[in-house]
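Trainee: Could you take me through one part of this model in some detail? I'd like a close look at how the two chains meet.

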Amino acid sequence: MHNFWVILGVWMAAFLTLAIFSFLYKDNPFYKFAEHLYVGTSAGYMLIYTYFLVIKPMLIDPISQEHQWILLIPAFFGVIMLTRWFPKIAWLSRWSIAFTVGIGTGLAITGSIQGLLVPQIKGTLIALHGWNGATLNNLLIIIGVIATLTYFYFSKEHRGFVGKTAKLGITYIMIAFGASFGYTVMARISLLIGRMYFLFHTWIPLIK
Amino acid sequence: MRREIPLAITFITALIMIVSFCIPHAPFGSMQDVSLKWYSIIAGFTMLLGVDSLIHMHSVKIKRKKEGWVYSLVLILGFALFVISGIIGGIRFGSAMDIRSSFMYLYTYMIVPLQSTMFALLSFFIASAAYRAFRARNMDATLLLITAVLVMLGRVPVGYQMWHSFPAVAEWIMAVPQMAAKRGILIGVSLGSLAVSLRIMLGIERSYLS
């Protein structure tokens, strides 16, 4: 019986994989079916996931088992978020939004200074002594950071020296985007290999 | 009052987060963790709003028999299937995330293949995007693609077989020019994020309340 469910699951997964790949030919009912199924099942999954991994362990269990009544405050904010369903009192949901925005804002202020700004500046303040490959690389990094920042500096017109520096900045940015693009392509191709392996190994065992 | 109270809530909550960060001792130190937990709980409730909006939109489509209503039915049935199996899993095993539950079975054989195939499909479109970028024939697009190719060749065994120095070239690109541009971008992002956050905290930026 266990084997039956595994075989059924594999066939179902194979059908859905082929249905999505059918889009390579053109938009068709099989693709639309799989696409809508994906959206519906993902929404259902996320709802259950949120209940069992967030609401239950963080709110229901601590209140019912440990009597942490303080958690009624986020519960209250959570419930008033749902007042958006009732236009007359929908304005109350702003309190919850304000609370979440406040947390996000506070985190962004501290996080952007501690997690981004300071480490990045610290990483750019690198040694430039001696004439060797490391020094040249460090120099290229410092020039690159300044040039990239200049490209995003719009308070002065990009002409003359500033214009040339900004031009160098876009060159650096294109290299960075190219590297990211390469990594994205590789990630997608690795997924594609995974799906092909599933089809030709798990479903139809052509590859050993 | 309908605007002042939310503005005050935003300011006080943001201030608590900053104080908690700056004074990592009791009773302030734990406030950041507590706030983050509360944030997760409130965000959990918003899931209901999103799901309601999705189901409502597709229910209307089915009711009015609009074009493609059958697919909306598929969407709602898929949603119901996961919710019901999740509830059953919760009752039988204490959690829907239990590996023995039908919920996890459906996740493994439905969502995993759908999601990975959807992203795998993008590899074909990325290839066509690269082709179009090459046709642009300007210096920047060419530089982007040459870098992408070098990075890819440096990261796969076939690249090493073609030329033993490809991995070193890819490593250098990642460590020097890529790193420099990324640093510049991140410094800009952090400054922008800081400025916007301060504007929101001080109530200058209020678009989130509309």
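Mentor: Let's start with a term: a polar contact is a pair of N or O atoms within 3.5 Å, where within protein one must be able to donate a hydrogen and the other to accept it, and residues adjacent in sequence count only if both atoms are side-chain atoms. Between chain A and chain B there are 11 residue pairs in polar contact, both at pLDDT 80 or more. Salt bridges (a side-chain nitrogen of Lys or Arg within 4 Å of a carboxyl oxygen of Asp or Glu) come to 0 between chain A and chain B. This is a predicted model, in which local features need pLDDT of at least 70 and side-chain atom pairs count only at pLDDT 80 or more, while totals for chains, interfaces and linings use all residues. Residues are numbered from 1 along each chain as its sequence is written, chains are lettered from A in the order in which they are written, and side-chain values use heavy atoms, with hydrogens and water left out.

Now for the contact as a whole. With contact meaning heavy atoms within 4.5 Å, 109 residues of chain A touch 103 residues of chain B. The buried area (accessible area, 1.4 Å probe, that two parts lose on being put together, summed over both) is about 9900 Å² between chain A and chain B, and carbon and sulfur atoms give 83% of that. Tyr38(A), Tyr45(A) and Arg94(A) supply 7% of what chain A buries against chain B, more than any other three residues.
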